[in-house]
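Here are a few friendly notes to read alongside the model.

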Amino acid sequence: NYFTDGLLVIDRKARIAGSNPAADAITGTAFQKDMSLQEMCPYLTEENINLLLNSHEPKEVERIVMSEGYQRNLRFRSQPSEDLTFLIISDITTMNTERLYTRQKARLQLVGQLARGMVHDFNRLLCEISGHVSLLRRVQQDPREMGKSFDALEKNIESGMSLAGHLMELAQPD
């Protein structure tokens with residue numbers, strides 16, 4: 001009763017020799033004598049069971065399980081001994097949710113940093129374009145000066161369009 005993780009003791013024939021109350025609660029199945037692991041945990045595949053029970057080293061399997069209308073993430077860790085295997089069952093749903101939240105938060109922070117840099121660059125481009133336009137209005141129709149200003153305008157417009165394209169790429173959902 002002291003452990004929040006489920007504990008199953010499994011014999012060589014893949015039969016459950018014992019369990020704690022947490023295992024019953026996590027699996028949603030009450031332990032019965034000579035019950036197989038497949039019967040207690042029907043969401044484990046034969047491949048999962050073989051990996052957990054037929055190895056001389058500790059192994060781990062994670063499964064997504066639908067329970068009472070919501071999705072849970074369960075982790076099964078085996079600890080083999082001479083004649084028995086101890087199987088620890090942990091509900092890691094909250095941990096995975098927190099990990100996903102942290103990853104999404106980091107992505108949003110990165111997007112925010114990129115957006116600030118792009119806004120700064122875009123503002124700089126707009127200032128340069130605005131400056132060249134105001135110069136064009138003041139110039140006395142000298143074709144060489146007009147050509148230089150038009151070239152600068154074209155260069156800044158192309159940079160702005162490229163930057164806008166990158167912003168559009170960032171705005172696309174994953």
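1. Let me start with Glu128, which is partly exposed at a relative accessible area of 32% (buried is under 20% relative accessible area, exposed over 50%, partly exposed in between, with a 1.4 Å probe and protein chains only). Its side chain meets that of Arg124 in a salt bridge, 3.1 Å from N to O (a side-chain nitrogen of Lys or Arg within 4 Å of a carboxyl oxygen of Asp or Glu). Both residues belong to helix α4 (residues 93–138), 4 residues apart, about one turn of the helix. Arg124 is partly exposed too, at 40%.

2. A word on the basis: this is a predicted model, in which local features need pLDDT of at least 70 and side-chain atom pairs count only at pLDDT 80 or more, while totals for chains, interfaces and linings use all residues. Residues are numbered from 1 along each chain as its sequence is written, and side-chain values use heavy atoms, with hydrogens and water left out.

3. The whole structure holds 7 salt bridges. One of them joins Asp5 and Arg77 at 3.5 Å, N to O. Asp5 sits in the segment before β1 and Arg77 in strand β4 (residues 70–80), so this pair ties together parts 72 residues apart in sequence (helices, H or I of at least four residues, and strands, E of at least two, are DSSP runs numbered from the N terminus).

4. Arg15 and Glu39 also form a salt bridge, their closest N and O atoms being 3.9 Å apart. Arg15 is in the loop between β1 and β2 and Glu39 in helix α2 (residues 37–40), so parts 24 residues apart in sequence are tied together. Elsewhere, Glu60, Glu62 and Arg75 are linked in a network of salt bridges.

5. Please look at Ala14 in the loop between β1 (6–10) and β2 (16–19). Ala14 has a positive phi of about 65° although it is not a glycine. Most residues other than glycine have a negative phi.

6. Is Thr85 buried or exposed? Thr85 is buried, with a relative accessible area of 7%, and is found in strand β5 (residues 85–91). Leaving aside neighbours within four places in sequence, Thr85 is in contact (heavy atoms within 4.5 Å) with residues including Leu8, Ile10, Leu52 and Pro80.
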